[in-house]
Amino acid sequence: METRKTKLGADHPDTLSSMANLAFTWKSQGRHANALALMEDCTQAQRRILGQKHPETLSSLATVAKWSS
């Protein structure tokens, strides 16, 4: 994720995908709080960059809701 941020920029869609992927990895490793925080950051960026109704934004929002419950 950091490499994509450096090369593509923090707001690039591929960087956002890397953020989401890292959040899922952390979740599978039991790092629940870190995963949720990263996914929330990713969702905020996706809303701003991709829009509220973009499929990736909607998917991330659903993930945040599921992980928060």
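Predicted model: local features only at pLDDT ≥ 70, side-chain atom pairs only at ≥ 80, totals over all residues.
Me: Why does Thr43 count as buried?
Reply: Buried means under 20% relative accessible area. Thr43 has 4% relative accessibility, so Thr43 counts as buried.

Me: What does Thr43 touch, leaving out residues up to four places away in sequence?
Reply: Thr43 touches Ser60, Leu61 and Val64. Contact here means heavy atoms within 4.5 Å.

Me: Which other residues of α3 are buried, and what covers them?
Reply: Besides Thr43, the buried residues of α3 are Ala35, Leu36, Leu38, Met39, Cys42, Ala45 and Gln46. What covers the buried residues of α3 includes α2 and α4, the latter being residues 55–68.

Me: How do you know that the length of α3 agrees with its number of residues?
Reply: The expected span is 1.5 Å times one less than the number of residues. For the 18 residues of α3 that should come to 26 Å, and the end C-alpha atoms are 25 Å apart, which agrees.

Me: Why is α3 called roughly antiparallel to α4?
Reply: The angle between α3 and α4 is about 150 degrees, and their axes are 9 Å apart. Angles over 145 degrees count as roughly antiparallel, so α3 is roughly antiparallel to α4. The contact is made by Ala35, Leu36, Met39, Glu40, Thr43, Gln46 and Arg47 of α3 and by Glu56, Thr57, Ser60, Leu61, Thr63, Val64, Trp67 and Ser68 of α4. By class, that contact has 6 nonpolar, 6 polar and 3 charged residues. The crossing of α3 with α4 is left-handed.

Me: What makes α2 roughly antiparallel to α3?
Reply: Helix α2 (residues 13–28) packs against helix α3 (residues 32–49) at an angle of about 160 degrees, with the axes 8 Å apart. The cut-off for roughly antiparallel is over 145 degrees, so α2 is roughly antiparallel to α3.

Me: Which residues make the contact of α2 with α3, and of what class are they?
Reply: From α2 the contact takes Leu16, Met19, Ala20, Leu22, Ala23, Phe24, Trp26 and Lys27. From α3 it takes His32, Asn34, Ala35, Leu38, Met39, Asp41, Cys42, Ala45, Gln46 and Ile49. The contact of α2 with α3 has 13 nonpolar, 3 polar and 2 charged residues.

Me: Is the crossing of α2 and α3 left-handed or right-handed?
Reply: The crossing of α2 and α3 is left-handed.

How values were computed
Residues numbered from 1 in each chain as written. Heavy atoms only, no water. Axes fitted to C-alpha atoms, helices over the stretch in contact; angles between N-to-C directions. Helix = DSSP H or I, 4+ residues; strand = E, 2+ residues; numbered from the N terminus. Parallel < 35°, antiparallel > 145°, perpendicular 65-115°, else oblique. Left-handed = near helix turned anticlockwise from the far one by under 90°. Nonpolar A, V, L, I, M, F, W, Y, C, P; charged D, E, K, R; others polar. Buried < 20%, exposed > 50% of the residue type's maximum accessible area, 1.4 Å probe, protein only.
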